[in-house]
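Hi there,

I'm passing on the structure we talked about, with some notes to read beside it. Please open it first, then come back to the notes.

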Amino acid sequence: LHRVVREYELPKPRDCIFLERGDSDVYQIHTVGPVFYLKIHRPPYPTERAEAEARLVAKLRQHGASVVAAVPRRDCAFATEVIASEGTRAALVFEEAPPFRFEAGDESACRRLGTAVARLHAAGDALGPESIRAFAGSDLLPFARRLAHEEDYAELQNLRQKLRERLGELPDCAGEDDVGWCHSDLVLSNIRCREDGSIVFFDFGDAGFIPRANELARIRGSLWKRQAPKRSDGMWAAFVDGYAQVRIVPEIAEHSDWLLMVEALRRIDWIGGVMASCPLRMGTETFNREWVRKQLRSVRESVAQILEAPTETPITGPRQTGDPRA
């Protein structure tokens, strides 16, 4: 409260209470006015990236995107370095997100989501890639070595290489004609709604300058996960219709194999990311060698049919039984 929160432009903060532990530590800041949130990243997340995240969100908001804004410090910067025994940690303060979770329960909601994502991408179109260096990701999978069984770690590396090779054999579903700023983690838990139903995005910690098709593939997978396959097709069609009201829809991949592999690669990177912050989470969350093995089994099973297909035979068209969940 006194060493970090007081550095920010807030209306008389009264207290700062620990809220939850996850990829970052989150605190709730109570003031004489609104509630704010303090997010403290875990190493190895650099301060430079936290600063870039907040500035990106501010620019997206200036260009019409509906996002939860970061709060500037009194010196006009956003990120605060917190020196801790485990290393330097980067802190940001954000406004409060709307209270209502987004539920993709019907086609109308999915159509609104499509329109909101398109507006987010349109705002990104107005920005150049000047901050792309700060968002460059590092290879986090080696961190899994510290906890995984040796054979599981070797298989994760091998599986990632196989998926990358197989993606190279498929038609370029992502394309290079629609690359720009994306949220990069648009799962439904990072989307909220105001009372009027309008959609707001938050948690841009994984933002990147990437093919928009990758973003849409992630949303497609989330809809598939929440809905039965047949119902998810209608939800996805409504999403695409809403997106098309604002900008041209990137040609993704009604190609289920491409969707599965993109999501599986993301899942493997996520395992490494969890392991990177694992020393700060031991004792409060259950992470052990069997946890890694369970995640590996899930990824392996989701893409087994793809990797077993002959490499000389091009994979075309969506499988009726395909499941884009990792």
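This is a predicted model: local features need pLDDT of at least 70, side-chain atom pairs count only at pLDDT 80 or more; totals for chains, interfaces and linings use all residues.

Residues are numbered from 1 along each chain as its sequence is written, and side-chain values use heavy atoms, leaving out hydrogens and water.

**The cores**

In soluble globular proteins, nonpolar side chains tend to be buried together. A nonpolar core here is a set of buried Ala, Val, Leu, Ile, Met, Phe, Trp, Tyr and Cys residues joined through side-chain atoms within 4.5 Å. Buried means under 20% relative accessible area, exposed means over 50%, and partly exposed is in between (1.4 Å probe, protein chains only). The largest core has 36 residues, and F102, L113, V117, F201 and F239 have the most contacts inside it. Helix α2 (107-125) is among the elements that give two or more residues to this core, and its eight residues are the largest share. Helices (H or I, at least four residues) and strands (E, at least two) are DSSP runs, numbered from the N terminus. Apart from this core lies another, of 29 residues, including A148, L163, V274 and V299.

**The aromatic pairs**

Rings of Phe, Tyr and Trp (its six-membered ring) pair if their centres lie within 6.5 Å; planes under 30 degrees apart are stacked, over 60 edge-to-face, and the rest tilted. That rule gives six aromatic pairs. Why is the pair W181 and F209 edge-to-face? The ring centres of W181 and F209 are 5.3 Å apart and their planes are at 75°, so the pair falls in that class. W181 sits in strand β7 and F209 in strand β10, 28 residues apart. W181 is buried at 3%, whereas F209 is partly exposed at 26%. Together with F135, these two form one aromatic cluster.

W270 and W291 make a tilted pair, because their centres are 5.6 Å apart and their planes are at 55°.

**One arginine**

R293 is in helix α7 (residues 289-308) and is partly exposed, at 25% relative accessibility. Which residues does R293 touch, leaving aside its neighbours within four places in sequence? They are H149, E151 and D152, where contact means heavy atoms within 4.5 Å. R293 and Y153 are 140 residues apart in sequence, yet 9.0 Å apart in space, C-alpha to C-alpha.

Happy reading!
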